[in-house]
Amino acid sequence: MMASKHTAMPPDGRAFVSSFARGLKVIESFGPDNRSMTVAEVAERTGVDRAVARRLLLTLVHLGFVHVHERRFELTTHVLRLAYSFLSSAGLGASLQPFLDDLARNIRETVSISVLDDAEVVFVARSDIPGRRLAYVVTTGMRLPAFSSASGRMLLAHRPIADVKKLLARTRIVRLTRRTIVNQTEIIKAIAAARRDGHALNYEETEDDLIGIAVPVFNRAGLMVAALNASTSAARTDEARVQSEILPRLKTTAGQLTSMLP
């Protein structure tokens, strides 16, 4: 009789790849209290010897998932590709949808969830208000430049500044509107402000008349895995409404989403 495709194989089964499992364990060993670790610290947290931990870390460095500086290792934004794959394949967007729909109704604006994929933001779920569509419509799977969007800057704000600068150095910044910031120093300042303030604001940098507001979404381990964004028109929204109405509700919903993310 054929085994179910969901049948779990024992750890010593022929279908179990121990080296792959250890690599995933290394990625999982990083967290809010240990964002940067030495080989010895990773070995201790994962229960493997130092030689194995070193090989696994260097493999992850080669693949772009880990960055090393002065013998300390940190995860890179490349890891967020795993979050995008999970959200897409697991259909978690459907689970998030009621929260997004409720938020969109409350603030009467388009809202979305996005993750970082290298130098781009990928939208994985969204909600609109019937009859109130922006000229610039966000669709699931749509990509935007991370350095020019509110969501992207919010996602980059929680990465090591050295990694952000390296990514920026090899990314071509395109002027999308007359307001798009293309100066690298100013972009870094905007990302630093997002980290300091806990939110990112973007005024007509990706599209004329479009304002983007983004806040971080953390998982239960305290790692930022996504950004929650609201898009509105500059013609009907001012700074006072952003601060008093939109931002507080974005942050409340982001907190609710945390319990659903691994």
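**Exercise 1. Which residue in the turn of the β2 and β3 hairpin has a positive phi, and how many residues lie between the two strands?**

Solution. Step one: β2 and β3 form a hairpin with two residues between them. Step two: Glu-70, in the turn, has a positive phi of about 50 degrees. Two conventions before we go on: this is a predicted model, in which local features need pLDDT of at least 70, side-chain atom pairs count only at pLDDT 80 or more, and totals for chains, interfaces and linings use all residues. Residues are numbered from 1 along each chain as its sequence is written, and side-chain values use heavy atoms, with hydrogens and water left out.

Step three: look at the pairing (two strands pair if DSSP finds at least two bridges between them). Strand β2 (residues 66-69) is joined to β3 by four bridges, and the two run antiparallel; Val-66 stands opposite Leu-75. Step four: β3 (residues 72-75) is also joined to β1 (residues 36-37), antiparallel, by two bridges, and Ser-36 has Glu-74 as its bridge partner. Strands (E, at least two residues) and helices (H or I, at least four) are DSSP runs, numbered from the N terminus.

**Exercise 2. Find Asp-118 and Glu-204: in which loops are they, and is each buried, partly exposed or exposed?**

Solution. Here buried means under 20% relative accessible area, exposed over 50%, and partly exposed in between (1.4 Å probe, protein chains only). Step one: Asp-118 is in the loop between β4 and β5, with a positive phi near 60 degrees. Its relative accessible area is 22%, so Asp-118 is partly exposed. Step two: Glu-204 is in the loop between β7 and β8, and its phi is positive too, about 55 degrees. Glu-204 has a relative accessible area of 15% and is therefore buried. As background, most residues other than glycine have a negative phi.

**Exercise 3. Describe how α2 and α3 pack.**

Solution. Step one: helix α2 (residues 39-46) and helix α3 (residues 50-63) pack at about 110 degrees, with axes 8 Å apart. Axes are lines fitted to C-alpha atoms, for helices over the stretch in contact, and angles run from 0 to 180 degrees between N-to-C directions. Step two: α2 and α3 are therefore roughly perpendicular (65 to 115 degrees; under 35 is roughly parallel, over 145 roughly antiparallel, the rest oblique). Step three: the contact (heavy atoms within 4.5 Å) involves Val-39, Ala-40, Val-42 and Ala-43 of α2, and Arg-50, Ala-53, Arg-54 and Leu-57 of α3.

**Exercise 4. How many residues has the largest nonpolar core, and which element gives the most to it?**

Solution. A nonpolar core is a set of buried Ala, Val, Leu, Ile, Met, Phe, Trp, Tyr and Cys residues joined through side-chain atoms within 4.5 Å. Step one: the largest has 27 residues, and those with the most contacts inside it include Val-111, Ile-213 and Leu-250. Step two: α9 gives the most, with six residues. Step three: beyond its neighbours within four places in sequence, Leu-250 is in contact with residues including Leu-103, Val-215 and Leu-228.
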